[in-house]
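Visitor: I would like to go through this model and ask for the grounds behind each label.

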Amino acid sequence: MTLANTVSPSLLQNRLTYQVIPISIRELLFLSTAPCDIYGIKDGIFYRALRRGVFTNKNLLRELIAKGQIYLFVHREDRSLIIETVQKNLLQVTRSLSLGNPLEKGKAQMNLLTINMGYLYQNPTDDTILKLQHQCAKNLAYFLLNKIDLLVPLQREYIKQKHHFVLAQPLIASVFLIGLMKYSQLYSDQEIENLFITSYFKDIGMSSIPTEKYDQEELSDKEKEILSAHATNSVQILKGRLPLSPNHLSIIEHHHTFSLLTNKLQLNLREKQKEGEIIAGFETMLVTVMDVISAMITGRPFRKPTKIFEALDLIKILIADQYPQEFRLIVSYFKNFFIDR
Ligand SMILES: [Fe+2]
């Protein structure tokens with residue numbers, strides 16, 4: 001006789017309440033089968049939405065996302081099974097990026113990478129997760145550098161997935177960065193890859209605050225303080241753990257030299273560079289500008305996303321006087337590839 005036959009449904013519900021923990025529905029979207037039983041909740045009652053081993057029903061999952069039901073539940077002891085399966089899948093997709101349909105492969109890789117970024121933000125000191133994330137991000141950079149035509153459709157597809165902005169913003173910014181650097185014809189592929197990694201990991205210090213907290217319009221004073229120190233925290237988290245040069249760590253340290261967070265609307269990188277404060281002023285500016293554009297075009301629960309051309313208006317205020325040529329390059333890049341397409 002099964003447990004379900006011996007105890008009342010209400011008692012079962014009670015037990016489930018204490019035994020299950022939420023997972024994001026996105027963790028399942030790129031898995032072929034459910035690695036364990038998955039529960040949904042309807043009218044306050046848990047129900048089994050997917051049985052272990054069955055093929056994940058993508059349409060059902062997309063419907064739930066569309067309805068805003070982005071959380072499902074698993075037994076506490078099954079949580080690690082989901083994480084392991086996602087990571088195994090990420091590694092597999094990464095290793096076979098060049099095989100099959102490149103758009104589908106790139107899309108799956110970017111999504112799995114973002115989910116793993118969520119695991120990393122929950123455990124920023126875990127070397128295994130960091131190493132996996134770094135290796136997979138490097139492979140993505142290499143893949144994108146050789147498939148530059150895919151940048152626009154991949155960005156579009158990726159933004160549609162509506163990952164949490166804290167996890168999505170660094171990837172969107174870093175993909176813009178690859179395109180812009182390639183377009184400028186000023187950099188070698190190795191330099192682009194290094195700056196991609198720098199840009200992608202630069203916000204890991206934001207993991208000191210749980211991701212969901214950023215959904216609030218106002219953070220507490222303490223949280224604001226932690227947030228304003230996130231660039232320094234990122235350096236502390238990454239130093240000696242990722243192969244980043246002192247220049248690249250300096251870019252991370254200064255990526256909010258001007259910032260929407262601190263409302264200092266002046267990017268005085270040239271002056272700071274002269275003063276010897278910043279070594280790589282131009283690259284810092286590129287990383288920062290792509291970050292600002294990415295932040296503006298991704299929505300927040302408390303504000304709508306901005307159009308790219310509106311974001312460029314702000315960039316004009318921030319950099320056009322000090323970096324006229326570079327500003328023209330940035331505008332030309334976005335006009336050519338991302339506006340009116
Ligand atoms: Fe940042």
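This is a predicted model: local features need pLDDT of at least 70, side-chain atom pairs count only at pLDDT 80 or more; totals for chains, interfaces and linings use all residues.

Visitor: Why are H12 and H13 called roughly antiparallel?
Guide: Helix H12 (residues 230–238) and helix H13 (residues 246–253) pack at about 150°. Angles over 145 degrees count as roughly antiparallel, so the label applies to H12 and H13. Their axes are 8 Å apart.

Visitor: How do you know which residues make the contact between H12 and H13?
Guide: The criterion is C-beta atoms within 7 Å. From H12 the contact takes Ala 231, Thr 232, Ser 234 and Val 235, and from H13 Leu 249, Ile 252 and Glu 253. By class, four of these residues are nonpolar, two are polar and one is charged.

Visitor: What makes Leu 177 stand out in the largest nonpolar core?
Guide: That core has 78 residues, and Leu 177, Ile 178, Val 289 and Met 290 touch the most other members. Leaving out residues up to four places away in sequence, Leu 177 touches Leu 195, Phe 196, Ser 199, Leu 286, Val 287 and Met 290.

Visitor: Which helix gives the most to this core, and which domains does the core draw on?
Guide: Helix H9 (residues 165–184) gives the most, with 12 residues. The core draws at least three residues from each of domain 1 (17–77) and domain 2 (148–337).

Visitor: What share of the chain counts as buried?
Guide: Of the 341 residues, 36% do; the cut-off is 20 or more other C-beta atoms within 10 Å.

Key:
Residues are numbered from 1 along each chain as its sequence is written. Axes are lines fitted to C-alpha atoms, for helices over the stretch in contact, and angles run from 0 to 180 degrees between N-to-C directions. Helices (H or I, at least four residues) and strands (E, at least two) are DSSP runs, numbered from the N terminus. Angles under 35 degrees count as roughly parallel, over 145 as roughly antiparallel, 65 to 115 as roughly perpendicular and the rest as oblique. Two residues are in contact if their C-beta atoms, placed from the backbone, lie within 7 Å. Ala, Val, Leu, Ile, Met, Phe, Trp, Tyr, Cys and Pro count as nonpolar, Asp, Glu, Lys and Arg as charged, and the others, Gly among them, as polar. A nonpolar core is a set of buried Ala, Val, Leu, Ile, Met, Phe, Trp, Tyr and Cys residues joined through C-beta atoms within 7 Å. A residue is buried if 20 or more other C-beta atoms lie within 10 Å of its own, exposed if 12 or fewer, and partly exposed in between; C-beta atoms are placed from the backbone. Domain bounds come from an automatic or database domain assignment.
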